Amino acid sequence: MSEPGDRRETTEDREERRERTWLLAGALIGALAAGLLLAVFLVIGNAGAPSPGSRPATSSGSSIPPVVGVRDESLAAAEQAAVVLNTLDFRTVEQGLDAWEKIATTPLLEELRAKRAETAAEVQRARTATSAKVLSAAVAKIAIDNSGTEVLLLVEVTTTDAKGAATVTQVREKLGMLATGQGWQVTSRVVVEPAG
Amino acid sequence: MWPRTLTGALAAFVLLTGGSASAERQPDNLAFVDAAETASAVATASSALSEVLSYHHEKLDENAELVKANGTERYVAAHTEQLDQVRTTITRQQQEVVTTVVGVGVRDLRADTARLLVFLDQKTTRGDNNRTTVAGSAVVVELRLVDKAWKLDSVSDAAAQ
């Protein structure tokens, strides 16, 4: 006696099962290929950059000098950090300030924390939202032990008020970047105003 | 069945590798790898820009000579064209401009070319009304190695890149 819905496997069922098996086999092959490729990238890539939780590499058997990873990864991190540090919406100010603190380390982190209440009150009073994009960036200095870099950035900041009116400004910034256990983080931030 | 297997393989490959891109490595970029050439490019960009972008309304011919000494033919042509467009204004306002480099970053360095981001402060004094203003800007500078010396090849607004 069979249960309701129970039926014998038909030719179509067998065909469908076979197709699923082949598809699964393909996915496994793809996953293995991707894993192998990623492993190769990691081996090559880690020759030149500090990985989270470790000191920056200063030597390796790879032909790519460690400074390449330090330069390119700190630059990429600085570009992302500049966007975060120039983005703040009065409607979600606490989340915005959390994001600032997440990418910062000493001494900038302490400065941000010390001014957090003041910054939040200021933005909520002005009822503004800022967004940013990096127009250009380049590494200016790399520490001799590859532990830190200084990055110049030209950032376009759009400030929108509560009525929706937007103002666009360009800001010159110097970010000090430090290799930490959490990856590259911002240790200092200077807005380069013209010296009048 | 192989097409289906291939489809599965490709889908898994794209899913697993697609989100893993991080900073793009540029192993051919010699910026900071060749420390001596990096320093040389930075020094040249700083001194050359300070010289060619500083001028006095009564000494524009001297500026033209500095441009020839510091630039490639391409840069000399571009600078001359720009200067010609504002020459009348410079003279009428009796301008004196002093340019100071306040930051230099090296974006790319090859055997005979370099690309830098430079922050400039320009102090402009107008003799016709005795007013002085200071403005900050950011430019992207391309250098080219000519006879073993770095020369300005182009200077453009960094915001327009």
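Strands, like helices, are taken here as DSSP runs numbered from the N terminus, a strand needing at least two residues. The structure shown in these views is a predicted model.

View 1. A:Gln185 lies in strand β5 of chain A, which comprises residues 183-191. Is A:Gln185 buried or exposed? Because 22 other C-beta atoms lie within 10 Å, and the threshold for a buried residue is 20 or more, A:Gln185 counts as buried. Once neighbours within four places in sequence are left aside, the contacts of A:Gln185 are A:Ile103, A:Ala104, A:Thr105, A:Leu178 and A:Thr180. A:Lys102, although 83 residues from A:Gln185 in sequence, is 8.5 Å from A:Gln185 in space, C-alpha to C-alpha.

View 2. Strand β2 (residues 129-142) and strand β3 (residues 148-160) of chain A pair in the antiparallel sense over 12 bridges, with A:Val134 standing opposite A:Val155 of β3(A). These two strands, β2(A) and β3(A), form a hairpin with 5 residues between them, and in its turn A:Asn146 has a positive phi of about 65°. β3(A) also pairs in the antiparallel sense with strand β4 (residues 166-180) of chain A, over 13 bridges, and here A:Leu152 stands opposite A:Lys174 of β4(A). The hairpin of β3(A) and β4(A) likewise has 5 residues between the strands, and A:Gly164 takes a positive phi near 95°.

**View 3. The two sides of helix α2 in chain B.** Helix α2 of chain B (residues 35-52) has 18 residues and reaches 26 Å from its first C-alpha to its last, close to the 26 Å expected at 1.5 Å a residue. Its buried residues are B:Ala41, B:Val42, B:Thr44, B:Ala45, B:Ala48, B:Leu49 and B:Val52. Because these residues cover an arc of only 165° around the axis, they fall on the same side of α2(B). On the other side of α2(B), B:Ala36, B:Ala39, B:Ala43 and B:Ser47 are exposed. The buried residues of α2(B) pack against several elements of chain B, including α3 (60-70), α4 (73-93) and β2 (95-109).

View 4. Beyond its neighbours within four places in sequence, B:Val106 is in contact with residues of chain A, A:Ala138 and A:Val139, and with residues of chain B, among them B:Phe32, B:Val42 and B:Leu116.

Conventions:
Residues numbered from 1 in each chain as written. Chains lettered and ligands numbered in written order. Predicted model: local features only at pLDDT ≥ 70, side-chain atom pairs only at ≥ 80, totals over all residues. Contact = placed C-beta atoms within 7 Å. Pairing = 2+ DSSP bridges. Helix = DSSP H or I, 4+ residues; strand = E, 2+ residues; numbered from the N terminus. Expected span 1.5 Å × (residues − 1). Buried ≥ 20, exposed ≤ 12 C-beta atoms within 10 Å, placed from the backbone. Arc of directions from axis to C-beta.
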